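Look at the model first, then read on.

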Amino acid sequence: MIATAANMSVQGELRYDESMSRHTSWRAGGPAETFFIPASIDDLSTFLAELDPNTPIFWHGVGSNLLVRDGGLPGVVISATKILRQLEQVDRYTARAGAGLPCTQLARQCIRWELGPSEFFAGIPGTVGGALAMNAGAHGGETWERVASVRTIDRGGEIHERSPAEYSVGYRSVTGPPNEWFIEATFQFEPGVVPSMDNMKSMLERRKATQPLGLPSCGSVFRNPPGDHSARLIEAAGLKGYRIGGAEVSDKHANFIINRDAATATDIEELIEHVRQTVLDVHGVELQHEVRIVGEVPA
Ligand SMILES: Cc1cc2nc3c(=O)[nH]c(=O)nc-3n(C[C@H](O)[C@H](O)[C@H](O)COP(=O)(O)OP(=O)(O)OC[C@H]3O[C@@H](n4cnc5c(N)ncnc54)[C@H](O)[C@@H]3O)c2cc1C
């Protein structure tokens, strides 16, 4: 049977016109036409198998790298973080984690199991699935350096086991089989590398000292260009504190844009574009977005 989200029977929750400002760390953005929270992996598989294949699907982690335009997201947003939180040690140097598990929890448990290097995951305020999609990294570590295999689910609800060889992985970029999303990953750690809570805490303290962590943001807006830092270029272009509407370039870390005062996604996107253009004019460097910008421009 082919169904639209609106006439499907599911065990999980279907919300309509759900504001994505509730589901992004920028606390801004338009509505999802349909927001689906599956009750189980079987519920998710059945939903995907029955959904009209023409309905757009967007997979959501916790929205810590996401700008949803004010016109919102058509189709279905899938939020499966609640059902994909499992974490187990598979053998001495291997752990398996669900895609909905927060990276901070992955880091803490791996440290307890003496699986290293794993402290860097604590610096990424998203899910394992988001870290896999972004090849998230911090403090010299990157997600895919540790991936031994992943499990994915496709548009038809089928589950696949995949190896890193099936993905093209770069700096904050991952390309793999289309129309598949991560549901689990197996991470391989290194013999002889013993991680520590102290090391993790000092990494987090460094972040607190250099990033505006109490304010809504998406972390770094732009990737670092080869051999340089976006924050340095933005600061040198005189943009710290620059504001459009309620969005502001942080004066603590110039590659962060903060939602200072009820910013709309349009304010934030206009500020991102202003920063990109100014850095190009001043330094001749074309910055690339790290943050994912999705959804429709408001009518
Ligand atoms: C204060 C702050 C600090 C940050 N510091 C860092 C940092 O040091 N290093 C770093 O790399 N990032 C950092 N980030 C950015 C962000 O946390 C990461 O990119 C994170 O990996 C995003 O995970 P998420 O679950 O929030 O994904 P979302 O923002 O929800 O989604 C991001 C992208 O991943 C896709 N996606 C999410 N889950 C899945 C899945 N299961 N399968 C397939 N695709 C999926 C989405 O469709 C979207 O395209 C920071 C963000 C903030 C707010």
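A backbone N or O atom of Gly137 sits 2.6 Å from a ligand nitrogen atom. Thr127 places a polar side-chain atom 2.7 Å from a ligand oxygen atom. For Ala131, a backbone N or O atom is 3.4 Å from an oxygen atom of the ligand. The protein buries 92% of the 970 Å² that the ligand exposes when taken alone (Shrake-Rupley method, 1.4 Å probe).

This is a predicted model: local features need pLDDT of at least 70, side-chain atom pairs count only at pLDDT 80 or more, and totals for chains, interfaces and linings use all residues. Residues are numbered from 1 along each chain as its sequence is written, and side-chain values use heavy atoms, with hydrogens and water left out.

## The shell around the ligand

There are 33 residues around the ligand (a heavy atom within 4 Å). Trp59, Gly61, Ser64, Thr127 and Gly137 come nearest. By class, the shell has 16 nonpolar, 14 polar and three charged residues (Asp, Glu, Lys and Arg count as charged; Gly is among the polar).

Helix H3 (128-134) supplies at least two shell residues, as do strands S3 (57-60), S8 (137-138) and S14 (180-188). H3 gives the most, with five. Helices are DSSP runs (H or I) of at least four residues, and strands (E) of at least two.

Technical notes
Polar contact = N/O pair within 3.5 Å; in protein donor to acceptor, adjacent residues only side chain to side chain.
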